[in-house]
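Visitor: I would like to learn how to read a model of this kind, feature by feature. Could you take me through the one shown here?

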Amino acid sequence: MTPARLARLAVATSLMLVAAEARAQTMDEARSAYEDGRFVEAADLAEAIGTSEAYALAAQSLAVYAHYEASEEEWEEVVERAMRMGEEAVKADSTNPDAHYQSAHAVGRYAQRIGAWTALRQGLAGKIRDLLEATIALDPDYVDAILALGGWHADIAAEGFIARRMYGGKKEEAVKLFDRALEMAPESKVVLHAYAIRLPYLDEENGLARAREMLNKALELPVMDAYEDYLHLDVLDALDELRDR
């Protein structure tokens, strides 16, 4: 190789390293913004990077913002952007399990707001299930996806015969997945809350007592980021609801 080619190669390699370092630094900034609760800023920073990992973070940030902070006027625009970011994450790298999970997360937030039967009619339940199953196929130990699929089975089963017939949601499968998630992450505030709020339905004999125990344990766990600040309030709300039962 001639000296001139070597020089050009060195320059190109240097530029690539600088670009990679800049992307990494921006991803760190985006993650910090998410952890601090600056969700829209985190999404903007991540979307500008344009990688699968970054789009997944953008989808996550927007989904959380849509669920907890967005006004009625902006909610639809925010959640649609979250779903679009999830789709872009999968498109950018279909082997990235987080891309499939965050896409499911965004669609799930949309489905929560529009109501179960509307979501079922639009085929969103099947889409969420497929994305979660794709996540687990790529990463069998992805706790959040295992947990979310357990929630999917529990929620579909709870909607009644028609929903179960359409999509196959099963209480037994929900319990199996929840137990697996709890075994993998027994100190997770997210896992304890998600399982507990469904236990009265899944375990009619002991569910209420077990749910209270899990929620009280969740309250004792430290809050790790801005999202868990909101989750902590969800845990308190869930306990209040159980006191009325």
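Visitor: In what order do the elements of the protein chain run from the N terminus on?

Guide: Helices (H or I, at least four residues) and strands (E, at least two) are DSSP runs, numbered from the N terminus. Here the elements of the protein chain run α-α-α-α-α-α-α-α-α-α-α-α-α-α, which comes to 14 helices and 0 strands. This is a predicted model, in which local features need pLDDT of at least 70 and side-chain atom pairs count only at pLDDT 80 or more, while totals for chains, interfaces and linings use all residues. Residues are numbered from 1 along each chain as its sequence is written, and side-chain values use heavy atoms, with hydrogens and water left out.

Visitor: What percentage of the residues of the protein chain count as buried?

Guide: Buried means under 20% relative accessible area, exposed over 50%, and partly exposed in between, with a 1.4 Å probe and protein chains only. By that rule 45% of the 245 residues count as buried. The accessible surface of the chain, from the Shrake-Rupley method with a 1.4 Å probe, comes to about 12,900 Å², and 52% of this belongs to carbon and sulfur atoms.

Visitor: How do H3 and H4 pack, and at what angle?

Guide: Axes are lines fitted to C-alpha atoms, for helices over the stretch in contact, and angles run from 0 to 180 degrees between N-to-C directions. Angles under 35 degrees count as roughly parallel, over 145 as roughly antiparallel, 65 to 115 as roughly perpendicular and the rest as oblique. Helix H3 (residues 52-68) and helix H4 (residues 72-92) have axes 8 Å apart and an angle of about 160 degrees, and they are therefore roughly antiparallel to each other. The residues of their contact (heavy atoms within 4.5 Å) divide into 15 nonpolar, 2 polar and 3 charged, where Ala, Val, Leu, Ile, Met, Phe, Trp, Tyr, Cys and Pro count as nonpolar, Asp, Glu, Lys and Arg as charged, and the others, Gly among them, as polar.

Visitor: Is Ser 52 buried or exposed?

Guide: Ser 52, which is found in helix H3, is buried, with a relative accessible area of 7%. Leaving aside its neighbours within four places in sequence, Ser 52 is in contact with Ala 89, Ala 92, Asp 93, Asn 96 and Ala 99. The C-alpha atoms of Ser 52 and Asn 96 are separated by 7.3 Å, although these residues lie 44 residues apart along the chain.

Visitor: At what angle do H2 and H3 pack?

Guide: Helix H2 (residues 39-49) and H3 also have axes 8 Å apart, at an angle of about 160 degrees, and these two are therefore roughly antiparallel to each other. Among the residues that meet are Phe 39 and Val 40 in H2, and Ala 54 and Tyr 55 in H3.

Visitor: How many residues of H11 are buried?

Guide: In H11, 8 of the 8 residues are buried, so this helix is largely enclosed by the rest of the structure. Its buried residues, including Lys 189 and His 193, pack against helices H8, H10, H12, H13 and H14. The axes of H11 (residues 189-196) and H14 (residues 226-243) come within 10 Å and cross at roughly 30 degrees, which makes H11 roughly parallel to H14. The residues of this contact divide into 5 nonpolar, 2 polar and 3 charged.
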